[in-house]
Amino acid sequence: MKNNHKFVMIMFTVLLVILAACGNSSEDSNAILNNELTDSHATQNTNGNSSEHEDTQNASNIKPETGTDSADGTNFEQEVKKHNNSTGEQSQEEPLEEYVPNEDEIVLNNNHLKNKDILEAFMKVAGENGESEIRVVKNEGVKGVLIYDLKSRYDKDAKQGWIEVFPDLSHYRASNNEVQDVFNNARQQCGYISKDETEGYYKLNECRTHWEYRLLPIINEDG
């Protein structure tokens with residue numbers, strides 16, 4: 001009976017020891033787990049801070065926009081505005097002032113040559129031994145009129161004559177695709193005027209920019 005009691009006491013003591021050991025092990029496990037969680041949290045905070053720092057550095061390294069797109073847009077708008085202004089100016093051009101020829105002027109209009117006799121009388125003295133002057137007017141329709149003032153000059157000492165030609169474009173407006181006539185750019189000096197029946201033109205000959213220049217067509221009917 002005593003032996004049984006002693007055995008029971010021994011077993012009870014062993015059980016208490018086992019329970020105590022288990023409790024300590026659980027506490028150690030909890031402590032270890034808590035330490036691991038604390039370390040993990042600290043690592044995450046460190047990584048987060050590092051990531052935020054890198055993002056901040058990246059953001060600081062990003063160059064601000066230079067505004068090129070905005071500048072390009074502004075330049076485009078300026079070009080469009082300039083073009084519109086130019087177009088508006090062209091559309092608002094004042095109409096050409098109508099030119100009214102005098103009675104003694106040589107006028108080419110709708111294939112009709114007026115005062116042809118005055119032109120041919122001028123031919124006889126121009127560049128020879130006399131001085132005279134005429135005005136030639138060529139109607140070019142919607143583009144207006146071309147005007148040429150012809151003045152015959154003669155040097156008695158040198159016994160030499162010539163014709164001065166003064167183009168006047170003040171009543172003429174060339175079309176956009178029209179090739180500019182060099183003859184009309186400035187004052188001309190020609191040797192004489194002739195009537196070329198073969199080509200059908202009155203011509204100014206031996207001029208400063210042209211060896212010959214077709215001034216007017218030969219039209220037999222006078223008005």
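Colleague: When do two aromatic rings count as a pair, and as stacked, edge-to-face or tilted?

Modeller: Rings of Phe, Tyr and Trp (its six-membered ring) pair if their centres lie within 6.5 Å. Planes under 30 degrees apart are stacked, over 60 edge-to-face, and the rest tilted. Here, ring pairs join Y148, F183 and Y213 into a cluster. The model is predicted: local features need pLDDT of at least 70, side-chain atom pairs count only at pLDDT 80 or more, and totals for chains, interfaces and linings use all residues. Residues are numbered from 1 along each chain as its sequence is written, and side-chain values use heavy atoms, leaving out hydrogens and water.

Colleague: How many aromatic pairs does a search of the whole structure find?

Modeller: The search finds 2. Y148 and F183 make a tilted pair, with 6.3 Å centre to centre and 55° between the planes. Y148 sits in strand β4 (residues 145-155), F183 in the loop between β5 (160-168) and β6 (188-190), 35 residues apart. Strands (E, at least two residues) are DSSP runs numbered from the N terminus.

Colleague: Why is the pair of F183 and Y213 stacked?

Modeller: Their ring centres are 3.7 Å apart and their planes lie at 5°, so the pair is stacked. Y213 belongs to strand β9 (residues 212-217), 30 residues from F183.

Colleague: Are F183 and Y213 buried or exposed?

Modeller: Buried means under 20% relative accessible area, exposed over 50%, and partly exposed in between (1.4 Å probe, protein chains only). F183 has 0%, so F183 is buried. Y213 has 10%, so Y213 is buried. Y148 is buried too.

Methods:
Helices (H or I, at least four residues) and strands (E, at least two) are DSSP runs, numbered from the N terminus.
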